[in-house]
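Work through the exercises below with the model open beside you. Try each task before reading its solution.

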Amino acid sequence: MKTLKDLLVAMINATLILVAICLFFLWRLSDSAERVVASFAQNLQIVEPLETKVDGLRDEVANLRSDLAAISLDSSALTTQATERLQSRANALQLELEGINSSLARLADTPETLMQAALDDVATRVSGRVGALASCYAPDPAPDASSASD
């Protein structure tokens, strides 16, 4: 009966140790998840000023177009060729801004892209640490002085 009692106590102890280990890993995982969320929030804060800059550049291009139209009507010194060249530069700038804007919109519509990048980064770090732990081993015992004198 004592053996059965000792076995039951050992099983309870082992279960409690496993629960403690699982709680520790859960705590570490939640800490990593909090860092990922913070990184994700920081990435979104980076996108907001870019969107504001794109909107400002879009307004600037619209003002440039209106100024070009006013100059071409008022000035006889400005040639048609120069106006067309400026207009083509404004068109190229507009296309570039639209490309940036579509990239930002795609990123805003699919935030899981940022989340996936953050998760990949965390997974890389965790796998590196697990690999380092897996390669750990006990150091070789130091030779005894008594065996060296024999």
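This is a predicted model: local features need pLDDT of at least 70, side-chain atom pairs count only at pLDDT 80 or more; totals for chains, interfaces and linings use all residues.

Residues are numbered from 1 along each chain as its sequence is written, and side-chain values use heavy atoms, with hydrogens and water left out.

**Exercise 1. Fold and confidence**

Task: State how many helices and strands the protein chain has, and where confidence is lowest and highest.

Solution. 
- Step 1. Count the elements. The protein chain has 4 helices and 0 strands. Helices (H or I, at least four residues) and strands (E, at least two) are DSSP runs, numbered from the N terminus.
- Step 2. Read the order. From the N terminus on, it is α-α-α-α.
- Step 3. Check confidence. The mean pLDDT (the predictor's confidence in each residue, from 0 to 100) of the protein chain is 75, and 76% of its residues reach 70 or more.
- Step 4. Compare elements. Helix 4 (residues 145-149) is lowest, at a mean of 51. Helix 1 is highest, at 80.

**Exercise 2. The salt bridge**

Solution. 
- Step 1. Apply the cut-off. A salt bridge is a side-chain nitrogen of Lys or Arg within 4 Å of a carboxyl oxygen of Asp or Glu. The structure holds 1.
- Step 2. Classify each partner. Buried means under 20% relative accessible area, exposed over 50%, partly exposed in between (1.4 Å probe, protein chains only).

**Exercise 3. The setting of Gln87**

Task: Locate Gln87 and list its contacts beyond four places in sequence.

Solution. 
- Step 1. Locate Gln87. Its place is in helix 2 (residues 80-109).
- Step 2. Classify Gln87. Its relative accessibility is 27%, so Gln87 counts as partly exposed.
- Step 3. List contacts (heavy atoms within 4.5 Å).
- Step 4. Compare sequence with space. Gln87 and Ala69 are 18 residues apart in sequence and 9.3 Å apart in space, C-alpha to C-alpha.

**Exercise 4. Burial and contact range**

Task: Give the share of buried residues and of contacts that join residues at least 24 apart.

Solution. 
- Step 1. Burial. Of the 150 residues of the protein chain, 10% count as buried.
- Step 2. Range. Among contacts between residues at least 6 apart in sequence, 79% join residues at least 24 apart.
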